Amino acid sequence: MVKQFSSVVLRSISTLVIVLILSFFITRIAYRNPAAMLAPRNATQESIDAVARALRLDDPWYLQLWYYLFRGPDIQGAPMGLMHWPPALGYSFRKQAPVTDLILAKAPVTLSLAIGALVIWMTIAIFSGVAAARWQGRLIDHVLAFFAYVGLSVPTFLSGILISYFLFFQLSNQGIHWFPSSGYVPLSEDPLQWARHLALPWATLAIAEIGLFQRMVRASMLDVLGHDFIRTARAKGVPEGRVYFSHALKSALNPILTLGGLELAAIMGGAIVTETIFGLDGVGRMAIAAALEGDFPVVIGTTIFAASAFITTTLAVDLVAQWRDPANRN
Amino acid sequence: MADTIHSPVALIVPRASPSPGILLLKRLWRERAVRTGAVIVGIVLLAALSAPVVSHLLGHGPMEQFEGTALDEMGLPIGPTLEFPLGADGNGRDVLVRTLYGAQVSLLVGVPATTIAMIIGTAIGLVSGFFAGRTDRIISQAIDVALSFPFVVTALSLLALNRGGTGQPIVPPMVVVITIIALFSWAYFARLARGLVLELRTSPMVEASRTIGASWARIIWFDILPNILPTVFVYWAVQLPANIVAEATLSFLGVGIQAPMPSWGNMIAEAQRTSLYQEQPWFLAGPGLALFLTVVGFNTLSAGLRNVLDPNRRRA
C-alpha cells in the first residue's frame, strides 16, 4: 500500500515540476523586457540596463530557471522563486505588487464559491441520483433524467444570465430583494449576508454539475444494487434507507469522489464565467481582467496556481480512493 | 409459347444483401436518441447553411448596422418585426441573421478543433498503448500535464500572448481559438485510445498477427485501428458539443471570436453587458436558444451512438 501511495505521489510531483517548468517558458515569451516595465517611465537606457542587471536578466536561461524555481533577486522587496511559503508566482508590473499577494487576497471569494457549490450540488445530486435509481424506470426517474439533461446542456454563462435575470432582476422588479445582484461579504463578517451574496452563483455552478453527478450516482448505484451483499443486507433486515445510503452508496462513491475532485479543482482555478456574471471579485475575474489588459504575470501566476490546485486535488482524491479500497485494508 | 414464360424463380432471387453501412445506419436509426439527435443536428446544419440565403432575402448582412430602421428614437433596438424577425441588437444589427451566421462560426471552430484533437490524440494514444514501457510512461506523463492546465485561464494566457506589441492579434483569432481548443482536448482522445489499445495489444487477434510475422505498422493499421475507431468516432461526437461551448465561453469572455464577427458567445456577452435583453429578450434568446439546441442535439446524438456502438457501455 505504501508502495502504491508513493508511486501516486511521485507521479503527481513530477507532473507538477513539468507544469512549473513549462510555465517558466511561457513566462519567458510573455514578459517582454520586464526591466523596461519596472523602470520609471522616462528612464534612460542605462537605468533600464541597471534594473536588468539587478534582476539578473542577462544570465543564461538555465540560471534564470534556477532563480524562477528556487531563489531569484527580489523585485521591489518581494522575494522571487517558487520554493517559498507562499510560493512567489511572479510580480505584476501593472499593479506593482507580487502576484501571490494578489491571488491570496482574492482566494477566499473563489474558495467560498467552490466549496459552497460543491456542498449544494453533491447533496442534491446524491439524493436525486439515489431516488432515480430506487424508482428506476418510473415517472420520477424520467423527470429527474430530463432535468439532469437540460442542466448538462446549458452552458454556465447562459444559466448564469438567466438566473440573474429571473431571480434578481424580475424579483426586484416585484419588490422582492432576496438576492443582491453582485458583490461579496466575507464569511467572518456576516455569515447570512455571505450566503445571500453567494446563493445565485452557487446555483449557477451547481446546475450543470447536478446534471452530471445525478446521472453518475444513478449509474453506479444501479451497478452496485445488483450485488450479493445488498441482497444479504436486505435479507438480514436492514431498513431500506440504510441499504441505499449506507451499504450501496458507500461502494458506489469512488467514481463520484474522483470526478468531484476534478470539478472542484477546475472551479478553484477560477470559476471565471460565474465570477464575471455575478461581479464576484475572485481569482478568475482577476485573471480575465489581467488577460484583457495584457498583465501577463498575473495570468501566468493564476495558471500556475490553478494547475497546482488541480494536481493537489487529483492527488488527494487518488489517495482517498486507495485508502477506501477494501483490497488495501491492513 | 412455353419459351416466353419467365421462370418465377427469377422473381424471388434475393437482392444483393444490404451493405454493412446500410445495416449500421438501420441499427442506429432504430435508437430513439439517435433519431432525435440527428433531427436537431440537421436543423442546426440547415440553419448554418441557410445563413447567406436568409441574409440575402432580408437584405441584412451579419455585420451591417441599421441605425435608421432598427433603433427607435431613444436609440433602443426594436423588437421582432417583419423586417427583423428576431429584432435587432444595440448596434441595430439583425439578430436572426447574426444567430444563423453564429451557427457557421460555432461549427467552423468546433468541428476542425475536435477533428484535429481526435487525429493527434488517437495517434499519440496508439503509440503510447502499443509501445508500452518507457514510451508509455513519458506519454502518460505528458497527458497528465496537459490535463492539469486549467482550460480558461491557460487559454487566456495563450490568447494574451497572441496580442502583439501594438494590441493587434498576430494570428487570426479563429485559428488561435481552434488551436487552443484542440490543444486542450487531444489528451482526452489520447487517454481513451491508450486504454483501448492496452486491452487489444494482448488479444489473440494481435498475437496471431505477430505469429505470422506482421510488422507493427501492419498490426496497428489492420488489427488495432479498425477496432478502436468506432469508439473514437463516438467520443468525437461527445467532445464536439463541449468544444462548441468552449468556443462560446471564450467569445463570451471577450477573448475568442471578436465582435463584429458574430459568435453566439459574443452575442450573449453583448446582451448581458448592455442589459438590453431586459428590454428586448430575443436579443438574448436568439443566440442562447441556438447554443442550447446545438448542445442538446449533439449530446443526444452522441448518447444514442454510444448506446448502439459501444458494447462495453450498456445502458444503465
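These exercises look at aromatic and nonpolar side chains in a predicted model.

**Exercise 1.** Find which helix of chain A gives the most to the nonpolar surface patch.

*Solution.* 
Step 1. List the members. The patch on the surface is formed by A:Phe25, A:Trp61, A:Tyr62, A:Leu63, A:Trp66 and A:Phe70. Together they have about 630 Å² of accessible area.
Step 2. Locate the helix. H4 of chain A covers residues 61–69 and gives the most, with 4 residues.

**Exercise 2.** Classify the ring pair of A:Phe127 and A:Phe245.

*Solution.* 
Step 1. Recall what is needed. A pair of aromatic rings is described by the distance of the centres and the angle of the planes.
Step 2. Count the pairs. The whole structure holds 11 aromatic pairs over all chains.
Step 3. Read the values. A:Phe127 and A:Phe245 lie 5.2 Å apart, centre to centre, with 45° between the planes. The pair is tilted.
Step 4. A:Phe127 is in helix H5 (residues 99–134) and A:Phe245 in helix H10 (residues 240–268) of chain A, 118 residues apart.

**Exercise 3.** Decide whether B:Phe151 and B:Phe184 are buried or partly exposed.

*Solution.* 
Step 1. Describe the pair. B:Phe151 and B:Phe184 are edge-to-face, 5.1 Å centre to centre, with 85° between the planes.
Step 2. Apply the cut-off. Buried means under 20% relative accessible area.
Step 3. Conclude. B:Phe184 has 13%, so B:Phe184 is buried. B:Phe151 has 24% and counts as partly exposed.

Technical notes. Residues numbered from 1 in each chain as written. Chains lettered and ligands numbered in written order. Predicted model: local features only at pLDDT ≥ 70, side-chain atom pairs only at ≥ 80, totals over all residues. Heavy atoms only, no water. Patch = residues over 30% accessible without salt bridge, like charges linked within 9 Å, V, L, I, M, F, W, Y side chains within 5 Å. Areas by Shrake-Rupley, 256 points an atom, 1.4 Å probe, with all protein chains shown as cover. Salt bridge = Lys/Arg side-chain N within 4 Å of Asp/Glu carboxyl O. Helix = DSSP H or I, 4+ residues; strand = E, 2+ residues; numbered from the N terminus. Phe/Tyr/Trp six-rings, centres within 6.5 Å; stacked < 30°, edge-to-face > 60°. Buried < 20%, exposed > 50% of the residue type's maximum accessible area, 1.4 Å probe, protein only.
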